[in-house]
Amino acid sequence: MLGYIIYGDGPKRPEIGERQLAGGNFVTLSMALQARPNGPLALYRARQGARLFREAGVRSAVFPVDFPYTALFIRMGVLPIDTLPLRRALAAPLTRRRLEQGGFQPTQAVVAISGDRALREVTECAKSLALSYRYVLLSARGAESFAKGLRREYGISLLLDPSPDQLNRADALVLFSPRGDLTLDNAIFYALYPGGEAGRGRLPLCLPAGAAAQAETNCDQEQLAAALYAMGALPLETLLAEIPG
């Protein structure tokens, strides 16, 4: 079960409930805003709330953006929803959209994907882009069998093991793991690894207005978008349409 934390006007003691939000079913935890959030009583109630979540089977939840007990909840085994799977799923269609908007032609644009290994997310991104663009570079250990299968099934050839210079000159670069040997100044650039969302390569997430209106004002909307996508309540196409061009 996925959780949803309501932090603001609420009961003095944490309370567990249920709520349907934008088509997704959540276990809720309601907690009152504390005048002294680091005081002994407030910390006791925060620990009590995390235990209630754990007892309800919640291991990840949508956290408020101003929640002062995030680190405490993590220590007690309740984590914020991971937005990375959604960002990775959006990478190929968003890269394609930005290339089209930038006037890059499918027969001329150079698209590069780089990751430590040929994980499913990496190969799915490479396949999706290779079906639309002639020049696709793939830097990932163990990608040879994937490239052979792509060539056999679709007649598509990838350039494997590109040099750093080739990656730097690509029109679009999608990184699934950090690279310290690249300039990262490509026209289109996404960093899709833990911590990558903090820099220039951040892939934004946006909720549809209807879903955002149902949430609390201090709800982390990117986490909520990721949760609804994971539940199947919001399709990828709907989330893609919300991202500004």
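Predicted model: local features only at pLDDT ≥ 70, side-chain atom pairs only at ≥ 80, totals over all residues.
One of the paired positions joins Glu 18 to its bridge partner in S3, Val 27. The two strands form a hairpin with 2 residues between them, and in this hairpin Ala 22 takes a positive phi near 55°.

Strands of a sheet pair through backbone hydrogen bonds, and the pairing may be parallel or antiparallel.

Two packed helices are described by the angle between their axes and the distance between the axes. For helix H3 (residues 84–101) and H8, the axes come within 8 Å and cross at roughly 75°. H3 and H8 are therefore roughly perpendicular to each other. On the H3 side the contact is made by Leu 86, Arg 87 and Ala 89, and on the H8 side by Glu 222, Ala 225, Ala 226 and Tyr 229.

## Strand S9 and its partners

Strand S9 (172–175) is joined to strand S6 (residues 110–117) by 4 bridges, and these two strands run parallel. Within this pairing, Ala 112 stands opposite Leu 173 of S9. S9 is also joined to S10 by 4 bridges, again with the strands running parallel. In that pairing, Val 174 stands opposite Tyr 190 of S10.

In a regular strand the side chains alternate between the two faces of the sheet. In S9, Ala 172 and Val 174 point one way, whereas Leu 173 and Leu 175 point the other way; all of these residues are buried.

Arg 179 is found in the loop between S9 and strand S10 (188–191). Which residues does Arg 179 contact, leaving aside its neighbours within four places in sequence? They are Ser 114, Ser 139, Pro 164 and Leu 167.

With two of these residues, the side chain of Arg 179 makes polar contacts: one with the side chain of Ser 114 at 3.0 Å, and another with the side chain of Ser 139 at 3.3 Å.

A disulfide is a covalent bond between the sulfur atoms of two cysteines. How many disulfides does the model contain? Under a cut-off of 2.5 Å between the sulfur atoms, the count is 0. Cys 206 is in no disulfide, and the nearest cysteine sulfur, that of Cys 219, is 13 Å away. Cys 219 is likewise in no disulfide, its nearest cysteine sulfur being that of Cys 206.

Are these cysteines buried or exposed? Cys 206 is partly exposed, with a relative accessible area of 23%, whereas Cys 219 counts as buried because its relative accessibility is 7%.

Terms used: Residues numbered from 1 in each chain as written. Heavy atoms only, no water. Buried < 20%, exposed > 50% of the residue type's maximum accessible area, 1.4 Å probe, protein only. Pairing = 2+ DSSP bridges. Polar contact = N/O pair within 3.5 Å; in protein donor to acceptor, adjacent residues only side chain to side chain. Contact = heavy atoms within 4.5 Å. Axes fitted to C-alpha atoms, helices over the stretch in contact; angles between N-to-C directions. Parallel < 35°, antiparallel > 145°, perpendicular 65-115°, else oblique.
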